[in-house]
2 protein chains.
Amino acid sequence: MDKGSDETEWREDCSPRRILELFSTKWTSMVLHTLHALHQGRARNGVLHRSLPGISKKMLTQTLREMEASGLISRHVAGTVPPAVEYRLTELGHRFVEPVELLYDWARRNDDALDRLGSRKMRS
Amino acid sequence: MDKGSDETEWREDCSPRRILELFSTKWTSMVLHTLHALHQGRARNGVLHRSLPGISKKMLTQTLREMEASGLISRHVAGTVPPAVEYRLTELGHRFVEPVELLYDWARRNDDALDRLGSRKMRS
DNA sequence: CATGGTGGTTACCTTCTGGTGCCTATGTCC
DNA sequence: GGACATAGGCACCAGAAGGTAACCACCATG
């Protein structure tokens, strides 16, 4: 079985499950994408905020802090005059751009399939 | 820019954001994968349960119900004797196997990057 | 002086996620 | 008869995710 069909590979800490954590939560993948596509791996807080419609200041900050903690981005504070902060993709961050783009590209090519998907939320 | 860097493409309902909903939540992608890889698109409840270490009965049922509601799988009840239920990937479900495998394959090839990722959870 | 932009922080609140446990009903095995 | 499996349902509960709103300090503009 060369397609990962071995059940022993399906432990709780296997690679597939770990990558899910990246997408599972919040805005992380969108920040990765934005940093990569729009700004060559670096951008300031305000720019990111404006590039991600719908995100709140709190969530942006929180996401950036978490990404910094996990080593995906680095934070650079410039002259204190008007506190200018720039975030940059780390080398590790650059690597994780690939799966993000893989997925986003697929989505763009298959929006018809996405259209056919029910909302999958059913209350009560 | 040919890489989707146009900000107007980044609306709240764009394809990339919609595909995220599939991965974002729960066990959906793992059920898709299991159904596809282990059982050629069809499997019974108990088999799925045993193939997904860590899932609870409640979450399995709930996930299957949601996937049925969104059209990814179909439910087939056999003879009522011992209620044998089989779930099958629909044609739409088969399409969504592709991005799942794309992502899982990447993860398997890049487990070193995943190892280098911090846990990204930082409480208070 | 009031407003707005920079880059945050904090408190509060709601929703969603997901877990356990116990119940059903049937049939078979020991 | 009692245990087990198959396939759930339902109640209860904890915690995480994530949103809103208000606040901070600083500077510039009108």
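Guide: Around DNA strand C there are 23 residues, where a residue is near a strand if one of its heavy atoms lies within 4 Å of it. The closest of them are A:Arg44, A:Arg75, A:Pro83, B:Thr25 and B:Lys58. Of the atoms of DNA strand C that come within 4 Å of the protein, 64% are accounted for by sugar and phosphate.

This is a predicted model, in which local features need pLDDT of at least 70 and side-chain atom pairs count only at pLDDT 80 or more, while totals for chains, interfaces and linings use all residues. Residues are numbered from 1 along each chain as its sequence is written, chains are lettered from A and ligands numbered from 1 in the order in which they are written, and side-chain values use heavy atoms, with hydrogens and water left out.

Several polar contacts, meaning pairs of N or O atoms within 3.5 Å, involve the phosphates of DNA strand C. For A:Arg65, a polar side-chain atom lies 3.2 Å from a phosphate oxygen of DNA strand C, and for A:Val85 a backbone N or O atom lies 3.0 Å from one. Two or more residues each come from helix H3 (45–51), H4 and strand S3 (85–89) of chain A, and from H4 of chain B; here helices (H or I, at least four residues) and strands (E, at least two) are DSSP runs, numbered from the N terminus. H4(A) gives the most to this surface, with four residues. By class, the surface near DNA strand C has seven nonpolar, six polar and 10 charged residues. In this scheme Ala, Val, Leu, Ile, Met, Phe, Trp, Tyr, Cys and Pro count as nonpolar, Asp, Glu, Lys and Arg as charged, and the others, Gly among them, as polar.

The surroundings of DNA strand D may be described in the same terms. Sugar or phosphate holds 71% of the atoms of DNA strand D within 4 Å of the protein, and the rest belong to bases. Phosphate oxygens of DNA strand D lie 3.2 Å from a backbone N or O atom of B:Gly46, 3.2 Å from a polar side-chain atom of B:Arg65 and 2.8 Å from a polar side-chain atom of B:Tyr87. The elements that supply two or more residues are helix H4 (57–69) of chain A, together with helix H3 (45–51), H4 and strand S3 (85–89) of chain B. Of these, H4(B) gives the most, with four residues. The surface near DNA strand D divides into seven nonpolar, five polar and 10 charged residues.

As for the two protein chains, chain A can be laid on chain B with an RMSD of 0.0 Å by a turn of 180° and a shift of 0.0 Å along the axis, superposed by least squares on the C-alpha atoms of residues with pLDDT of at least 70 in both. The two copies are thus related as by a two-fold rotation axis. In chain A, the C-alpha nearest this axis belongs to A:Ser24, 1.9 Å away.

Note on methods: Polar contact = N/O pair within 3.5 Å; in protein donor to acceptor, adjacent residues only side chain to side chain.
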